[in-house]
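Have a go at each before reading the solution.

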Amino acid sequence: MFRKIVFYPNKELRKKSAPIGEITAEIKQLCLDITQTMIASDGIGLAAPQIGESKRIIVIQTEGGPKICINPEILEKTKEKEIGEEGCLSLPEIYANVKRSKGIRVKFLDENGRECEVKVKGMPARIFQHEIDHLDGVLFLDRAGFLGKWKARKRLQKLRQNAY
Ligand code: ZN
């Protein structure tokens, strides 16, 4: 079921999400909802808090299709960092450069509770880091540089003026 996206500056986006214990039918349904909402919104990733659910679940778009990751945890990060432009479904029309680790090793449970571990670099590594940040109440703008934050603030002001 398609769910409404929670937009910045809603406080839901600032909460620390709770880990998932048992993967119940409700959790499986929530995983489906996040996936469907991401696809319908043309996103490449979505975290549960973005539909108002303070739970540690993210969905990442991959070459093989959407991947559901429950209780994702970064085990290792490369020292090497990379700057890339990011956007977010909770901050429409706002983009900023963010510096992130180039590669990461991450573990999570799939929707059937199986333990998975993957090593990713480049774009997928960036999406993982962005979505896992959401579970800790961190937004990509928090990690943007001074100029990126300033430009985003100007853009947000303009968007608000146009809304009235
Ligand atoms: Zn986001």
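A pocket here is an open set of points on a 1 Å grid over the protein atoms alone, where a 1.4 Å probe fits, with protein on both sides within 12 Å along at least five of seven lines; lining residues have an atom within 4 Å of a point. Points are joined across faces, edges and corners, and a volume is the space filled by probe spheres set on them. This is a predicted model: local features need pLDDT of at least 70, side-chain atom pairs count only at pLDDT 80 or more, and totals for chains, interfaces and linings use all residues. Residues are numbered from 1 along each chain as its sequence is written, and side-chain values use heavy atoms, with hydrogens and water left out.

**Exercise 1.** Describe the second largest pocket.

Step 1: its volume comes to about 220 Å³.

Step 2: 13 residues line it, and Tyr95, Ala96, Asn97, Gly148 and Lys151 are the closest to its centre.

Step 3: strand 5 and helix 3 (146-163) each give two or more residues to this lining, and helix 3 gives the most, with six. Helices (H or I, at least four residues) and strands (E, at least two) are DSSP runs, numbered from the N terminus.

**Exercise 2.** Find the protein donors of the zinc ion.

Step 1: look for N, O and S atoms within 2.8 Å of the metal (3.2 Å for Na, K and Ca); water is not among the atoms, so sites may look incomplete.

Step 2: you get Cys88 (SG), His130 (NE2) and His134 (NE2), 2.1 to 2.3 Å from the zinc ion.

Step 3: along the chain, their spacing reads C-x41-H-x3-H. His130 and His134 are about one helical turn apart, because they sit four residues apart in helix 2 (residues 123-135).
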